[in-house]
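Here is a colleague's note on a structure that may be new to you. Keep the model open and go through the points in order.

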Amino acid sequence: MSEKLLSRDEVPEELTWDLTDLFSDDEQWEKALQSLAEDLEGITTYRGRLDEGAGIFLECLKKQERLTERLMRVGSYAGLKLAADGTSQQNQTQMGRISALRSKFSANSAFIRSEALNLPDGTLERYMQQEPELESFRPFIRRLLDFKPHTLQPETESVLASLSEVLDAPSNIYRRAKTTDMKFEPAADSDGSEVPVTFSAYEGRYERSPDTTLRRSAFSSFTEGLSAYQNTFGTSWGTEVRKNVVMADNRGFSSAVHMLLQRQEVPLQVYNDIHDIILGELAPHMRRYARLRKDVVGLDKMLYCDIEVPLDPEYQPQISYEEASELISGGLAVLGDEYRGIIDAGLTDRWIDLAENAGKSTGAFCNSVYGVHPYILITWTGSMRNALTLAHELGHAGHGVMAQRTQRLTNCRTSMFFIEAPSTVNELLVGEYIMQQSGDDVRMKRWVVEQLLMTYHHNFVRHLIEGELQRRIYALAEEGQPVNAGVLSRVQGEILDEFWGGEVEIDEGARLTWMRQPHYYRGLYPYSYAAGLTIGTAVAEDIRTEGRPAAERWLEVLQAGGTKKPLQLAQMAGVDMSSPEAIRRAVQYVGSLVDDMQNSY
């Protein structure tokens, strides 16, 4: 008999995040939403006045920031509720209202960028000299000036801002279909028992099941479910690509990739180096690892769904949430009392949603809310792997809190390029700590190495292959090639074939992996995992070898938030991302992990 997933209402409260830190209930949220909607017009009182002087410009920026903070709070409440239960019509409606409000705010405040950039050359620099408090807005103003060559007329910018909800439609269609419409047939395990298949259950449990019958049956069900929606998802992603190509052309960028990299403040050469070096030089190591997995597990063939099958199927360490909390706290002690206090608060004060229920968003994420605290979504299955995933998300949380304690809201968020570095550092430090605590337990140490290799597979292989898919698809789109499901599956298969070199059979399910992630709707997000992992690998190694001095450098980086460009933040941490050697250092580390795994057998 198949196991029935709980509805959200059936989940024990202690397994859910505490949204009352945002609003006590829906009624209070409703009042805050209505109040914000009424106040949004306030920002327009500064329209046409930014040339009146530094004081008016400062007032306008502070007003925008206050409204942004309020919008962040009401938006997070609705977004977190929807992530916890995407099947709820009420949650969908609340999020829809937030989308409309964001669109209105974007339209109302669009004049700030266009009017500021239409001021005579040197005006913004003079304003900062005249008004000392504007100095704290310097990073924001720097980004404004960098975008000046690509700014359109004020009226055009206002229209585009008012259409933000429409322009976000491809992403919204994808997320809505994924969480509420897609259904999968049950899978069968080796005993003939049926189990329910959902996005979260497949990616969180069945994909790594040691039961080959279950793993392949679940993948077959998963593939069938994906296939039914491939044309819808292909159209939504194709529309997203076309939108960016057209937008880049109208703004005077050389390509959509140039436009999206400009937002990240990353040079094209670094973007290309990350793809070319990692995919080219990591492939031989991962092929070795695939051959080892096939031989050790005794598979008849290596299918795409077998890539993460446990090497030691009989050894699947389990851990309670409480035990995992102690491990994580201990592993991050090297980062000092303040940082550890943040982590401990997150683990004990219900910042984290652990439940598994119908309609819950897949994967894991962290959403930091300025003036409140971060929220983390994860589906806790009791696997030791959950501990490493949670350590990863707490890296985002720690970064968010450290930045918020030292920076104003406008300066808190760092570039997408850097955003995965803090989470990687945490995951690697906790992994090392688990190995230290395991003593002479060879199986546990080997298991940890396997988990670290899984992290590198996800970020250096899976996500970077997503990035390579983006790179190739945007190149085709720039040439006028329509983007649809057939094109996406074909290019996806070509990249996978090139990377795995025949060691892994690339079947229909593998070619449909482009359907599994929402990252494609967030600019050039996929490759940034590899960028962050490259930085994080170097920083974690420095902390392990140097100890407190390296940890202190890293804490200063976290506190800097978004006040510096991402390559400058990496440089502060001692990593030169403009050099290919920094990337090769991370690839070599992965090779050493594969060596360790081979030698253990």
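**Notes on the predicted model**

1. Start at Ile 583. Setting aside residues up to four places away in sequence, Ile 583 touches Asp 273, Ile 274, Ile 277, Ile 278, Thr 534 and Met 577. This is a predicted model, so treat the contacts as computed from it. Ile 583 sits in helix α24, which spans residues 580-599. Its relative accessibility is 0%, so Ile 583 counts as buried. Ala 573 is ten residues from Ile 583 along the chain, and their C-alpha atoms are 15 Å apart.

2. Now the whole protein. It has 24 helices and five strands. For 601 residues, a compact globule would have a radius of gyration near 25 Å; the protein has 24 Å, which agrees. Along the principal axes, the C-alpha atoms fill a box of roughly 75 × 50 × 50 Å.

3. Burial and contacts come next. Of the 601 residues, 57% are buried. Take the contacts between residues at least 6 apart in sequence: 77% of them join residues at least 24 apart.

4. How many salt bridges does a search of the whole structure find? The search finds 43. One network links Glu 203, Glu 207, Arg 208, Glu 308, Arg 462 and Arg 516 through salt bridges.

5. Look at Arg 293 and Glu 450. They form a salt bridge, with the closest N and O atoms 3.6 Å apart. Arg 293 belongs to helix α13 (residues 268-297) and Glu 450 to helix α18 (residues 442-478), so the pair ties together parts that are 157 residues apart in sequence. Are these two residues, Arg 293 and Glu 450, buried or exposed? Both are buried.

6. Stay in helix α18 for another pair. Glu 468 and Arg 471 form a salt bridge, and their closest N and O atoms are 2.8 Å apart. Both residues lie in α18, three residues apart, which is about one turn of the helix. Glu 468 and Arg 471 are both buried.

7. Compare Arg 49 and Glu 52. Their side chains meet in a salt bridge at 3.2 Å, N to O. Arg 49 has a relative accessible area of 27%, so it is partly exposed. Glu 52 has 48% relative accessibility and is also partly exposed.

8. Helix α8 covers residues 169-181. Its buried residues include Pro 170, Ser 171, Tyr 174, Ala 177, Lys 178 and Thr 180. What do the buried residues of α8 pack against? They pack against α3 (89-117), α7 (164-167), α9 (199-204) and α11 (230-250).

9. Helix α3 also holds Asn 108. This residue is buried, because its relative accessible area is 10%, under the 20% cut-off. A polar atom of the Asn 108 side chain lies 3.4 Å from the backbone oxygen of Leu 40. Apart from neighbours within four places in sequence, Asn 108 is in contact with Leu 40, Glu 41, Ile 43, Thr 44 and Arg 47.

10. Val 159, Leu 163 and Val 166 make a nonpolar patch of about 250 Å². Leu 163 is in the loop between α6 (154-162) and α7. At 36% relative accessibility, Leu 163 is partly exposed.

11. Check the backbone at Glu 265. Its phi is near 60°, a positive value in a residue other than glycine. Glu 265 is in the loop between α12 (256-264) and α13. With 17% relative accessibility, Glu 265 counts as buried.

12. Arg 350 sits in the loop between α15 (337-348) and β3 (352-353). Its relative accessible area is 24%, so Arg 350 is partly exposed.

Notes: Residues numbered from 1 in each chain as written. Predicted model: local features only at pLDDT ≥ 70, side-chain atom pairs only at ≥ 80, totals over all residues. Heavy atoms only, no water. Salt bridge = Lys/Arg side-chain N within 4 Å of Asp/Glu carboxyl O. Buried < 20%, exposed > 50% of the residue type's maximum accessible area, 1.4 Å probe, protein only. Helix = DSSP H or I, 4+ residues; strand = E, 2+ residues; numbered from the N terminus. Contact = heavy atoms within 4.5 Å. Polar contact = N/O pair within 3.5 Å; in protein donor to acceptor, adjacent residues only side chain to side chain. Rg over C-alpha atoms; globule rule 2.2 N^0.38 Å. Patch = residues over 30% accessible without salt bridge, like charges linked within 9 Å, V, L, I, M, F, W, Y side chains within 5 Å. Areas by Shrake-Rupley, 256 points an atom, 1.4 Å probe, with all protein chains shown as cover.
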